[in-house]
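User: Hi! I'm new to this one. Could you walk me through it?
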Amino acid sequence: MHKFNINPIVLIIINILAPTMYIFLMGTYLQYFLAAFALTVLILMGCFKILFAFIGVYAVMQAVIILGTYFSSLSFLSLFFVVLIQSVPCFAMVFALIKRYTSAELLSALETMRIPRVLVVAVTITLKYIPTFSREFKYILESMRLRGISFTWRRPIKSFQYFIVPQLFRCAALSEEVTAAGLVKGIDAPVRRSSYFEQKFRFTDFIFLVIFAAGLAGGFIWFRK
């Protein structure tokens, strides 16, 4: 199956606009529209692992929300998921963005927006650190297993320290490594960087934004009736 190469700027713009729309569009329309939109984007981009994870998480949350209306014991968890489920489509598209594009591609795309270099670097590092955090988390779990340390709910604070303290030290070390790598690549140079990965805004990207805008406009029209 052919994978669409959506401009990263499109996904970033959508993830900026989508959460703010919950202020203006009440009810479940925006939630279902974003879920359908994210589903389409993941299929076209060929991110099937993220797609299945998205469907599974969304289905579980929706089931708990429905069960919360029948069982009072699940009412608190149901209320929590009502708020959290609204962000699931955005998280799915963010993970697709991280999975599909390299740091160089993200930098090249963000620099076309004419935004400050500091913000470009900050957004790129933030997006690419998420998979690094996951990898470091696995290393910590493996290290704990080799030392015979296991997580226990009897001592949650003590167990949590085994996770957070090594992660903080690794964050400090990784920040130095990322800074050094960026300086070597000329990230602080005052001139515009050239890139092998040239991200152009194409007609298909424009269509995605039009569909997204049309969906939002349809929501405003629907609620005015």
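User: How many helices and strands are there in the protein?
Analyst: There are nine helices and zero strands; both are DSSP runs, helices H or I with at least four residues and strands E with at least two, numbered from the N terminus. This is a predicted model, where local features need pLDDT of at least 70, side-chain atom pairs count only at pLDDT 80 or more, and totals for chains, interfaces and linings use all residues. Residues are numbered from 1 along each chain as its sequence is written, and side-chain values use heavy atoms, leaving out hydrogens and water.

User: Is Ser 108 buried or exposed?
Analyst: Ser 108 is buried, because its relative accessible area is 8%. Ser 108 sits in helix 6, which covers residues 103-111.

User: And how far is Ser 108 from Val 120, C-alpha to C-alpha?
Analyst: Those C-alpha atoms are separated by 9.5 Å, while the two residues are 12 apart along the chain.

User: New topic: what share of contacts in the protein with a separation of 6 or more is from residues 24 or more positions apart?
Analyst: That share is 73%, where a contact means heavy atoms within 4.5 Å.

User: Which pattern does the protein follow along the sequence?
Analyst: Reading along the sequence gives α-α-α-α-α-α-α-α-α. Happy to look at more with you!

Terms used
Buried means under 20% relative accessible area, exposed over 50%, partly exposed in between (1.4 Å probe, protein chains only).
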